[in-house]
Amino acid sequence: MAETNVTPKRFTIPIGPQHPALKEPGHFQFTVDGEIVTGAYVRLGYAHRGIEKAAEERNWIQNLYLLERVCGICSHVHALAYCLAVEKLANVEAPPRAQAIRVLVAELERIHSHFLWMGVSAHEAGFDTLFMYSWRDRETVMDLLEGLTGNRVNYSANQLGGVKCDVDAAQADSIRKGLEFLEERTHHYLNVISHDTSFLQRTRGIGVMTRAQAEVMGAIGPTARASNVARDLRVEAPYAAYKTFPVKVVLDERGDLEARFEVRIKELFESFRLIREILEALPEGELVARMPRRIPAGEAIMRLEAPRGEVFYYIRSGGGDKPERLKVRTPTICNLTSVVRLAVGHQLADVPMILAGIDPCFSCNDRMVQVTAADNGSEKLMTWEELRKYGIDFYRRQAK
Amino acid sequence: MNTEEIMNLANGIAHAWDWATETSQPRPNHLDVTVKQLKELLPIAVGLRVKRLGQLSAIVGLDLGLEANEIEVLYHFCPGEAEIVLRVRVPRQGGELPTLSEVFPIAEVFERELHEMYGIEIAGLRNTERLYLPENWPAGVYPMLKDFDPKVLSEPEGKA
Amino acid sequence: MNNEKNLWQEVAQGLKTWAQVNSPWALHFNSGSCNGCDIEILATLTPRYDLERMGVTLQGSPRHADVLLCTGAVTRQARERLERIYAQMHEPKFVVAIGACALTGGVFQGCYNVMDGIDKVIPVNAYIPGCPPRPEAIIDGVVKLLNSLLPPDRQMRPALPEEEKAVQA
């Protein structure tokens, strides 16, 4: 395939910046030797809004709404992490019913996020049919979330000390009905991603991360679990109601893109099961515990399993009505390091899929990629869309 | 390894450096290690890594204010349910820390963030380019310091 | 002669408006939003809401786009990109600001790294509020923008009560 007698042209390809990885759209730069990626570099900051600083200027209640908007896809997890950390500081525990509802919403959010990711990464592979189908089905879970909390995105289900929304019998029924439909569809998708030959060509054996690599590079979430690293905070350090409603860790040992697809889809079945269990055995009682207005001085760490991996919150209170320091560490940043190293040695055509494989909140990453031709110093512009098309065409040519 | 074993192991590591550290355990799963001698930070971190406790979750900077004139840096290691925190202090101006990125590749991004948010020099960091802040950000201005004043970010072309 | 020219111009203008209104090509730019608006924009393009039935299709390049769908509070880093993308688009071009952040900065108002809204950087033609706006609201906003391009006598407007009665009768 590679023309060895021709001096390969070296290119630098910046990708991004429309790449909103949780709170920071990334900007990647790949150096390319012919078709092979030889180096990679990340630059974040296109969505750096200064939330951590802003959190120091807002009071405990206002911060709830600010932090919910760290990421629009896993907003519940961020609000939940904040609430749990503040509750830890104040020595308050939310009532069991509230904790169960928190987990319920978190799992619904995981379903929505995984469906979203499946669609977007199928789109990167040029499989738009799967994209449209999975987004159509995703609307089912969006309806459920809306019915439960009143919002499609940024549910605002949490409040300090508990939750704002309750689940009644009618809602429980509609959730069960929705899950039934989704489960049937998920079986279909699992079949598609593990049997469709042209799709497997884009995923099987691509972007392989071994277990040792995943551990050393600090990969987390489904990306790590696809490399057989059993790290899932819902099991390791159960929070909220995960103690009463345990989950099974889904693992895969292959570590390639196919494994990442399978792990995420199999996690959906775990979520379906868990939600049904919660609906069956929803504890009775209050929804909110009383919170003090001022949070006692101290430090708290809270780690949660977001759909993309571990979210880390550190909160320090000085005893006032505002936090003294609030640190958010989102999962994508950990996985970015690994993905940047993974891309080296791969075909340029595989880069979109490898990036999509870690689920870096990819929804709007498309568009605007610059290609700088380093061989003659001239600059050429290549959009992400073009790079994606390039990848699709590359595999089409290969198939011939 | 369950949490108790992890904590015992981590306690053992911290005590091996007891001339340079101060250890407390406020919660059963939380170990707080204050590292008083900066050059011992890396060896302790390597110790944790060797014992497979080196899941570096985050590096958090804390500006202790103008009076203390120090920045506290917290290295959070979170294997399983346990939380092991290494604390070091550096002066607010001209502070320098050794890099952990040779041992923990993930530390690189955290350290770059620490550098641009607090102005702490990280000795031995290969890539010190900006990670979050815009390219036209004024040099020597660090937004996470308590005395940061957003007014220094004046409008470039008078468009407001 | 003069009349003929005017007629020709009128026809050309009418044709242009017709083309614009019937198939506007959109470009989506995230200037530092939380992703909430972006997934809702994507949702409007997928089968349940299907913005494409209005002729709207999402484009990859600013040079092909008529409408810039913009989200986020504009971070300092994204600002230059936004200006550049806007400059790259051909006239006539329209900007739709989507979401509370794009309108005023939203919850991020006053953060050190944001510009508090799209219209601080580039001119905006339509504003769609919400955090995030529902897909229906996005469709409504886009349709309203397209409607405003039509000559006044052909614009859609809400039905008057008596007209509604006439339809029902």
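Trainee: Which domains does the domain assignment of chain A give?

Mentor: This is a predicted model, and the domain assignment of chain A gives two entries: domain 1, made of 3-46 + 364-399, and domain 2, covering 51-334.

Trainee: How many residues of domain 1 of chain A are in contact with domain 2 of chain A?

Mentor: On the domain 1 side there are 6 residues, in contact with 9 residues of domain 2 of chain A. Helix α14 (residues 384-399) of chain A supplies the largest share of the domain 1 side, 3 residues. By class, that side of domain 1 of chain A holds 4 nonpolar, no polar and 2 charged residues.

Trainee: What helices and strands does chain A have, and what share of its residues count as buried?

Mentor: Chain A has 14 helices and 12 strands. Of its 400 residues, 59% count as buried. Contacts in chain A between residues at least 6 apart in sequence can also be sorted by separation: 68% of them join residues at least 24 apart.

Trainee: Which residues are buried in helix α2 of chain A?

Mentor: Start with the general idea. An α-helix has 3.6 residues a turn, so residues three or four places apart point the same way. In helix α2 (residues 60-68) of chain A, the buried residues are W60(A), N63(A), L66(A), L67(A) and E68(A). The buried residues of α2(A) pack against α1 (51-57), α3 (75-90) and β10 (323-329) of chain A.

Trainee: Why is strand β8 of chain A largely enclosed by the rest of the structure?

Mentor: Strand β8 (residues 298-306) of chain A has 8 of its 9 residues buried, so it is largely enclosed by the rest of the structure.

Trainee: How many bridges join β8(A) to strand β9 of chain A?

Mentor: Strands of a sheet pair through backbone hydrogen bonds, either parallel or antiparallel. Here, β8(A) and strand β9 (residues 309-317) of chain A run antiparallel and are joined by 9 bridges. As one point to find on the model, A300(A) stands opposite I315(A) in β9(A). With 2 residues between them, β8(A) and β9(A) form a hairpin.

Trainee: In what order do the strands of the sheet in chain C stand?

Mentor: The sheet is open and has 5 strands, in the order β2-β1-β3-β4-β5 (chain C), with parallel pairing. At the edges stand β2 (57-58) and β5 (126-128) of chain C; each has a single partner strand, so one side of each is left without a neighbour in the sheet. Helix α5 (residues 135-147) of chain C packs on the sheet and touches β4 (94-98) and β5 of chain C. The direction of α5(C) makes about 165 degrees with that of β5(C).

Trainee: How many bridges join strand β1 of chain C to strand β3 of chain C?

Mentor: There are 5 bridges between β1 (residues 25-30) and β3 (residues 67-71) of chain C, and the two strands run parallel. In β3(C), L68(C) is the bridge partner of L27(C).

Trainee: What pattern does chain B follow along the sequence?

Mentor: Chain B has 4 helices and 7 strands, and the pattern reads α-β-β-α-β-α-β-β-β-α-β. Of the 160 residues of chain B, 39% count as buried.

Trainee: How many residues do chain B and chain A give to the contact?

Mentor: Chain B gives 22 residues and chain A gives 24 residues. On the chain B side, the elements giving two or more residues are β3 (56-63) and α4 (107-118) of chain B. The largest share, 5 residues, comes from β3(B). By class, the chain B side has 15 nonpolar, 3 polar and 4 charged residues.

Definitions and conventions:
Residues numbered from 1 in each chain as written. Chains lettered and ligands numbered in written order. Predicted model: local features only at pLDDT ≥ 70, side-chain atom pairs only at ≥ 80, totals over all residues. Pairing = 2+ DSSP bridges. Contact = placed C-beta atoms within 7 Å. Axes fitted to C-alpha atoms, helices over the stretch in contact; angles between N-to-C directions. Buried ≥ 20, exposed ≤ 12 C-beta atoms within 10 Å, placed from the backbone. Domains from an automatic or database assignment. Nonpolar A, V, L, I, M, F, W, Y, C, P; charged D, E, K, R; others polar.
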